[in-house]
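The entries follow the order in which I looked them up.

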Amino acid sequence: MGEANSLIVVAPNDVWDQVEDDTYAALERTVHTTRDEKIFNVTQTDPTSGEIGELLLWRQVLVFGVPDDPGILAIADAADRESVEPGDVVQASNVWARGQLATAVVLEPGREVESWRGHLPGLSVHLEEQFRAYVVNRMYVSGVDTVTAEHLRQTYGFTLDVPRVYQWVDRPGGITLIRNDNPDPSELIRSILVQRAAPIDSLTPQMVYVWRTSIDDEQYNVPQDFDVTPGSGRVFDLNGTEVVEVRGIWQDRAAYPAAGPFLARAARCGESVIFMDAWLYSPNPRRSKYEYMMQLETILDSFTCVD
């Protein structure tokens, strides 16, 4: 049960009351999409509560406790561990439900609150890395579309690792549109537009803003206005290529209030500059936009210039 970014925390209420704020701050870190969005949603329950039987069936369960707590021992047994010590973090699959990942965070007896807080920084990083791996693995379950990669290589001199569920079409002006609107374009659209331009002396974030404005009216069914996220512009090396990136929020100019986040980049490739604009439409407020933007970012991160 539950989403991959929902965390069920099993811990005694008297301990939770002392670490609640610190735990929310560490595990419910936010990222900005169209708004501040939590990476994880945390729900705490006491091991003696009446709802424990149902909550133990959720996809991600974290049990905080001392070495001899029953929940800690159940996860240790599933991980083939004969014993655990304070400070250990042990993970096992399918402990109380199939497809579940359970994490035992072993606290020091008599210092439960202090050891809980000590675990939080590393636990936050570890869980987020696992979530990113889950998102990427699920995205590529269909495999990489080698036909799209070869088309981009021959046409533009670079490749992208695009999942097979995306479709592409060439347009005039050295443009290719790569899009996935499954299961329904009224519910979810992931779009990447690619354009090759003449060499430019200097790549800047402002240049990327200007380019996105120039292609907007001609290439998108409904023209978009957009706001750039302050401080989002950056220049970095990607697989040996200089890349400039900006992020922001787009919004249709039409009466229908469609909007979403975008990620635009410019990269040098041979004698040309490649511009890329990836944007998301996902109007369901209960659906994580962060997850889908992570997918688009992963595809753009696969950008590789070729001879």
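I took two strands as paired if DSSP finds at least two bridges between them. Helices (H or I, at least four residues) and strands (E, at least two) are DSSP runs, numbered from the N terminus. The model is predicted, so I note that local features need pLDDT of at least 70, side-chain atom pairs count only at pLDDT 80 or more, and totals for chains, interfaces and linings use all residues. Residues are numbered from 1 along each chain as its sequence is written, and side-chain values use heavy atoms, with hydrogens and water left out.

Entry 1, strands. I looked up the hairpin of β13 and β14: two residues lie between the strands, and N239 takes a positive phi near 55°. Strand β13 (residues 234-238) pairs with β14 in the antiparallel sense over five bridges, and D237 stands opposite E242 in β14. I then found strand β12 (residues 224-228) joined by five bridges to the antiparallel strand β14 (residues 241-252); here D227 is opposite I249. Strand β15 (residues 259-269) pairs with β14 over nine bridges, also antiparallel, and G260 in β15 is the bridge partner of W250.

I looked up helix α1 (residues 13-27) and helix α4 (residues 112-139), whose axes come within 10 Å and cross at roughly 20°. Therefore α1 is roughly parallel to α4 (angles under 35 degrees count as such; axes are lines fitted to C-alpha atoms, for helices over the stretch in contact, and angles run from 0 to 180 degrees between N-to-C directions).

Terms used. Parallel < 35°, antiparallel > 145°, perpendicular 65-115°, else oblique.
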